[in-house]
Amino acid sequence: MLSGFKQFILRGNVVDMAVGVVIGAAFATVVSAFTKDLLTPLIAAIVGKPDFSAISFTIRNSQFPIGDFINAAISFLLVAAAVYFFMVAPMNAWKARAARNAVPADPTSKKCPECLSEIPIAARRCAFCTSVVTTTSAPGTA
C-alpha cells in the first residue's frame with residue numbers, strides 16, 4: 001500500500017504540479033503587490049481616485065465595496081497574461097518545433113474494406129465480418 005502511494009507521489013506530473021502550485025502562489029503574491037503598489041496608483045492618478053479599494057456604491061442602505069474586486073480582477077488578468085506569454089506560448093512553440101522533426105509512427109491497424117472496422121495490419125480476415133482482407137505490404141517493406 002505504501003509503495004503504491006510512493007509511486008504515485010514520485011510520478012513526474014504530481015511533482016511538477018506541486019512545484020507549479022508553489023511557484024504560482026509566489027508569483028500571484030508578486031503580481032498582487034505590483035497591482036496594489038504600482039498599477040492601482042497609476043490608474044488612480046489617471047482616473048482621479050486615490051485607491052481602488054475605496055470605490056463603493058450604496059443601494060438601499062447596503063454598501064457594496066467593489067474596489068477590492070477591481071484590484072483582484074486586475075491581478076488575475078496580469079497573472080493570466082504572464083502565465084500565457086511566459087509559459088504557455090513558449091511551450092506551445094517548443095512543442096510545435098519538436099513535432100516538425102518527429103517521424104510519424106508506422107500504422108498498427110487498417111480498416112476492413114467491407115465493414116470498415118479497425119483490424120491489425122497483418123490480419124488476413126476481419127474479426128468482425130470474417131471477410132478476406134487483402135494483405136498489403138507495410139510502407140518501407142518489399
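Val-19, Gly-20, Ile-23, Gly-24, Phe-27, Val-79, Ala-82, Val-83, Phe-86 and Met-87 form the lining of the largest pocket. The model is predicted.

Me: Which elements give two or more residues to that lining?
Reply: Helix 2 (12–47) and helix 3 (67–100) do.

Me: How many nonpolar, polar and charged residues does the lining have?
Reply: Eight are nonpolar, two are polar, and none is charged. The space in the largest pocket comes to about 170 Å³.

Me: How should I read the spacing of residues along a helix?
Reply: Start from the general idea. An α-helix has 3.6 residues a turn, so residues three or four places apart point the same way. Now take the case here. Val-79, Ala-82, Val-83, Phe-86 and Met-87 are among the lining residues of the largest pocket.

Me: Which residues of helix 3 are buried?
Reply: Gly-67, Asn-71, Ile-74, Ser-75 and Ala-82 are buried in helix 3. Ala-82 also lines the largest pocket.

Me: What span should helix 3 have, and how far apart are its end C-alpha atoms?
Reply: Helix 3 has 34 residues, so at 1.5 Å a residue it should span 50 Å. Its end C-alpha atoms are 48 Å apart, which agrees.

Me: Where is the kink in helix 3 centred?
Reply: The kink is centred on Tyr-84 and is about 40 degrees.

Me: How do I read the cysteines?
Reply: The general idea concerns bonding. A disulfide is a covalent bond between the sulfur atoms of two cysteines. Here, a search of the whole structure finds zero disulfides. Cys-115 is in none, and the nearest cysteine sulfur to it belongs to Cys-126, 3.6 Å away.

Me: Is each of the two cysteines buried or exposed, or partly exposed?
Reply: Cys-126 has a relative accessible area of 3%, so it is buried. Cys-115 has 31% relative accessibility, so it counts as partly exposed.

Me: Where does Phe-52 lie?
Reply: Phe-52 sits in the loop between helix 2 and strand 1 (57–59). With 6% relative accessibility, Phe-52 counts as buried. The cut-off for buried is under 20%. Phe-52 and Val-83 are 31 residues apart along the chain, and 24 Å separates their C-alpha atoms.

Me: How do I read backbone phi?
Reply: Most residues other than glycine have a negative phi. In this model, Arg-60 has a positive phi, near 50 degrees. Asn-61 has a positive phi too, near 65 degrees.

Me: Where do Arg-60 and Asn-61 lie?
Reply: Arg-60 is in the loop between strand 1 and strand 2 (62–64). Asn-61 is in the loop between strand 1 and strand 2.

Me: Are Arg-60 and Asn-61 buried or exposed?
Reply: Arg-60 counts as exposed, because its relative accessibility is 81%. Asn-61 is exposed as well, at 79% relative accessible area.

Terms used:
Residues numbered from 1 in each chain as written. Predicted model: local features only at pLDDT ≥ 70, side-chain atom pairs only at ≥ 80, totals over all residues. Heavy atoms only, no water. 1 Å grid on protein atoms, 1.4 Å probe; cavity = no way out; pocket = protein on both sides within 12 Å on 5 of 7 lines; lining within 4 Å. Points joined across faces, edges and corners; volume = space filled by probe spheres on them. Helix = DSSP H or I, 4+ residues; strand = E, 2+ residues; numbered from the N terminus. Nonpolar A, V, L, I, M, F, W, Y, C, P; charged D, E, K, R; others polar. Expected span 1.5 Å × (residues − 1). Bend = angle between axes of the 7 residues up to and from the residue. Buried < 20%, exposed > 50% of the residue type's maximum accessible area, 1.4 Å probe, protein only. Disulfide = S-S within 2.5 Å.
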